[in-house]
Amino acid sequence: MPNSTLPQSTDIHAKALAINLEASFYGTFAEIGAGQEVARWFLSVGAASGTVAQAISAYDKTVSDDIYGAGTRYVSKERLLAMLDHEYEILLTRLGKDRGAHTRFFVFADTVATRNYQGTNEQHGWLGFRFQAEPGGEPNQILLHINLGDSTAQLQQQAIGTLGVNLIYASYHQRSSPEAFLAGLFDDLSIERLEIDALELSGPVFAGADSRLWCLNLLRAGMSRALVFDSEAKVVEPATPLRKRPLIVQRTLHGHPGPSAPEVIEAARQKLLAEGIPSDREPLGVFEVNAQNLDGPAASDNAELLALIEQLAPLGTVVVSNYPEGYQAVNYFRRYTAAPIRVVLWISMFLHLMEETVFQASPGAVLEGFGRLLSTDVTIYVAPMQKEVLVDALGGFPEGLLRESADRDLMTLDDFLPKPPLDHLFRYLRAAGHIVPLEDTQAKA
């Protein structure tokens, strides 16, 4: 992917001015929801007449539908694509004949919901940039989905403006590698201000690029806390599969599904349905991969991690996160659903969670961890494992923590022998129904 030789900058003002001073860049800004935050940068730094063909903000829903068509949510990928299609076609129709031979046309579009007055809405948005790399060339395109973290709408608008300028500048001048592009994309921003949880690339300058690997780079670089993959191992907006669904979240063994994963998910689904909790939506099976707990090549190689995701995707929705604590992942799911969440742990994981020596550096962390994890409608289902598989997962048999039987190879929650004082906590969690064995599951190696 060739790059311009223009000196790179990390200053947002300088980036916008550099684009304005490049005579061949010319295009349209179309922004809905948060105001014309990106266009404002280019209009205020000077020399905007050389870059801005039009800046439009169709706030009224009727006006927006009349321009871009009805039938889609206003903050959605579908609406963003309609905006890009409409504005790009008009730009070429109006200006292609007179300027096409020496102009690289572009359209920047966004549709965003910033914080409402009560702070009760989902604060997120879609941004897109369609651009020519050379005059008359086929268009290239970058789409981003973001979650906003600032405490006020004004600060969120500022973050969107910064991200938009970074996106346009990086698209023209920082395409030498995913790392260079993403570093430029996040200049003057932080994950506390916004997260990017979906990125899609298309067009000739991105030929051969796998958008999913770029997304995993986002996660590794601390620009995203979690990514959601659908059944085809494609990155999707998290709300698409997760919104308002009861969830069965199965923790993976260092990125691997574990023994008899489909049977475990089905057993958990049946147990959840047997609870009789009213819901008009079918429970969704989710495999959670923690990027911080991977082993082998996938711990550092995104291609290897993607291969693991592709193995998991046919079994259920895959969420790859970098949360250090389990309750933080549950809090992430709670962004999208208030329905019941059932977390499936293999018995090896449960032993690791309960064994107090794991938490020596933080006394009381076991109690705190469970308290945070179970503070909403969450139940832990503990799946059994064959002794051989458990030993392999733990690196040895946990002497004194599990009851052994000469005529039985399957290790279950009922075999757990908690040591004081954890035995009191364990008995309470069992009696209260917060920890439940998946006794019907016959896990196989």
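**Figure 1. The largest nonpolar core of the predicted model.** The largest nonpolar core brings together 143 residues, and Ile196 and Phe350 have the most contacts inside it. Helix H5 (residues 153-173) supplies the largest share of this core, with nine residues. The model shown here, as in every view that follows, is a predicted one. If you follow isoleucine 196 beyond its neighbours within four places in sequence, you find it in contact with Leu144, His145, Ile146, Leu163, Leu185, Phe186, Leu218, Met223 and Ser224.

**Figure 2. The whole chain, for orientation.** Before moving to the other close-ups, here is the setting. The chain holds 15 helices and 16 strands. Its C-alpha atoms fill a box of roughly 85 × 45 × 35 Å along the principal axes. Of the 445 residues in the chain, 53% are buried. Among contacts with a separation of 6 or more, 72% are between residues 24 or more positions apart.

**Figure 3. An open sheet of eight strands.** Reading across this open sheet, the strands come in the order E8-E7-E11-E10-E9-E12-E13-E16, and their pairing is mixed. Strand E8 (235-236) and strand E16 (435-437) are the edge strands, each pairing on one side only. Strand E10 (residues 284-290) and strand E11 (residues 317-321) run parallel and are joined by five bridges. Look here for phenylalanine 287, which stands opposite valine 318 in E11. Helix H12 (residues 347-354) lies across strand E9 (247-251), E12, E13 and E16, and runs at about 95° to E12.

**Figure 4. Strand E13 and its two partners.** Six of the six residues of E13 are buried, so this strand is largely enclosed by the rest of the structure. Val378, Ile380 and Val382 point one way from E13, while Thr379, Tyr381 and Ala383 point the other way. On one pairing, E12 and E13 run in the parallel sense over six bridges, and valine 343 stands opposite isoleucine 380 in E13. E13 is also joined to E16 by three bridges, again in parallel, and there tyrosine 381 stands opposite valine 436 in E16.

**Figure 5. A salt bridge between arginine 225 and glutamate 195.** The closest N and O atoms of arginine 225 and glutamate 195 are 3.3 Å apart in this salt bridge. The two residues belong to distant parts of the chain, 30 residues apart: arginine 225 sits in the loop between helix H7 (211-220) and strand E7 (226-229), and glutamate 195 in strand E6 (residues 194-202). Arginine 225 is partly exposed, at 24% relative accessible area, whereas glutamate 195 is buried at 6%.

**Figure 6. A salt bridge between aspartate 377 and arginine 342.** The side chains of aspartate 377 and arginine 342 meet at 3.3 Å, N to O. This pair also links distant parts of the chain, 35 residues apart, with aspartate 377 in the loop between helix H13 (365-373) and strand E13 (378-383) and arginine 342 in strand E12 (residues 341-346). Aspartate 377 is partly exposed at 36% relative accessibility, but arginine 342 is buried, at 2%.

**Figure 7. A salt bridge between aspartate 414 and arginine 430.** Here the closest N and O atoms of aspartate 414 and arginine 430 are 3.3 Å apart. A search of the whole structure finds 23 salt bridges.

**Figure 8. The surroundings of lysine 387.** Lysine 387 lies in helix H14 (residues 387-394) and is partly exposed, at 28% relative accessibility. Apart from its neighbours within four places in sequence, lysine 387 is in contact with Phe397, Glu404, Asp409 and Met411. Its side chain makes a polar contact of 2.5 Å with the side chain of glutamate 404. Aspartate 409 is 22 residues away from lysine 387 along the chain, yet their C-alpha atoms are separated by 5.6 Å.

Technical notes
Residues are numbered from 1 along each chain as its sequence is written. This is a predicted model: local features need pLDDT of at least 70, side-chain atom pairs count only at pLDDT 80 or more; totals for chains, interfaces and linings use all residues. Side-chain values use heavy atoms; hydrogens and water are left out. A salt bridge is a side-chain nitrogen of Lys or Arg within 4 Å of a carboxyl oxygen of Asp or Glu. Helices (H or I, at least four residues) and strands (E, at least two) are DSSP runs, numbered from the N terminus. Buried means under 20% relative accessible area, exposed over 50%, partly exposed in between (1.4 Å probe, protein chains only). A nonpolar core is a set of buried Ala, Val, Leu, Ile, Met, Phe, Trp, Tyr and Cys residues joined through side-chain atoms within 4.5 Å. Contact means heavy atoms within 4.5 Å. Two strands pair if DSSP finds at least two bridges between them. Axes are lines fitted to C-alpha atoms, for helices over the stretch in contact, and angles run from 0 to 180 degrees between N-to-C directions. A polar contact is a pair of N or O atoms within 3.5 Å; within protein, one must be able to donate a hydrogen and the other to accept it, and residues adjacent in sequence count only if both atoms are side-chain atoms.
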